[in-house]
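Please keep the structure in view while going through the points.

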Amino acid sequence: MDSNVPEHCPGTQSDDAGKASACAGCPNQTICASGEAKVVDPGLELVKQSLGNVRNKILVLSGKGGVGKSTITALLSRSLALNDQDTNVAVLDIDICGPSQPRVLGVLNEQVHQSGSGWSPVYVEDNLSVMSIGFLLGSPDDAVIWRGPKKNGMIRQFLSEVDWGNLDYLLIDTPPGTSDEHLSATTYLSNAGLTGAIIVTTPQEVALLDVRKEIDFCRKVSVKVLGVVENMALFVCPGCKTVTEIFPAKTGGTKQMCLDMEVPFLGSLPLDPKIARCCDEGKDIFTEFPDSPYLDSLKNVTDKIRKLCNTS
Ligand SMILES: Nc1ncnc2c1ncn2[C@@H]1O[C@H](COP(=O)(O)OP(=O)(O)OP(=O)(O)O)[C@@H](O)[C@H]1O
């Protein structure tokens, strides 16, 4: 991080830039107060250059927390990478306050290294890498309490200073909702050619309400919605095989919401306790439980996303 940024910096784009009490003593105070810093963020060009060899850049979003966004990001990355050893996939975790990719992808104790060409991501497989603020924290229990400009700086660094190499897919795991992280990421990525966003939800009404807001956000910032993935829709009892709807849909569920909002429905994934266990332990469900019905559904979702990317 740029250590010269004051902790409560209002940000170069703010009307208070250079004028807030936090700006006192900052080396950029004069340029910020003059309004010159507001004009062009040099990070935009840096990110564009850095991601020049990344074919598909996909944001993974959710309206609510806990609907399975990080899990789907991780498993989708494994699924894309597994399909073809020549397909290079990476995950960027910009959930700065709750990074979970190092744990879910089983690389919790790894460290990132800095080289002449930038930060090297951590490799989960030969063709699957991950970068997360989780690797930079002293301990997984450390809280990150940052204001918007500092988060923006971190995201810019992640997007412009990681040596990803040639990538077919970069999946970006975000925090829930529409906050500073989303605005930063969409600004930098749109300029660098963002393929689109995948939105994750459960069929629960409260989650679907928030998905509508997420779709609205995408439209306002001109991000294409590749589609919506429904998670934890059904539970098949491993003993008696009874199928239970965990969150019964009262107003038509995710499919109907997709029709109403005119966005593609990418598929439905079941609730499977093996998923939760594998993700908590950082194990790979593809090798641990290759017969899990979850994986069949995930494969269908992956195929649809691959097709959407090849055509977009
Ligand atoms: N299909 C599933 N079956 C069983 N458990 C699941 C499934 N999907 C996710 N989970 C579990 O649900 C919990 C929440 O998932 P996850 O952390 O991916 O959600 P999230 O939307 O990323 O949350 P947040 O945005 O708050 O970080 C995790 O314990 C995860 O293992």
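1. C240 is exposed, because 6 other C-beta atoms lie within 10 Å; a residue counts as exposed at 12 or fewer such atoms, as buried at 20 or more, and as partly exposed in between, with C-beta atoms placed from the backbone. C240 sits in the loop between β9 and β10.

2. This is a predicted model, in which local features need pLDDT of at least 70, side-chain atom pairs count only at pLDDT 80 or more, and totals for chains, interfaces and linings use all residues. Residues are numbered from 1 along each chain as its sequence is written.

3. C237 also lies in the loop between β9 and β10 (243–245). C237 is exposed because it has 9 C-beta neighbours inside 10 Å. The unreviewed UniProt entry lists C237 and C240 under "binding site"; such annotations may be inferred rather than shown by experiment.

4. The ligand is surrounded by 22 residues, and the closest are G65, G68, K69, S70 and T71; a residue is counted if its C-beta atom, placed from the backbone, lies within 6 Å of the ligand. Elements that give two or more residues to this shell are α3 (69–83), β9 (225–236), β11 (265–271) and α9 (273–281). The most, four residues, come from α9.

5. The protein has eleven helices and eleven strands, where helices (H or I, at least four residues) and strands (E, at least two) are DSSP runs numbered from the N terminus. Of its 312 residues, 44% count as buried.
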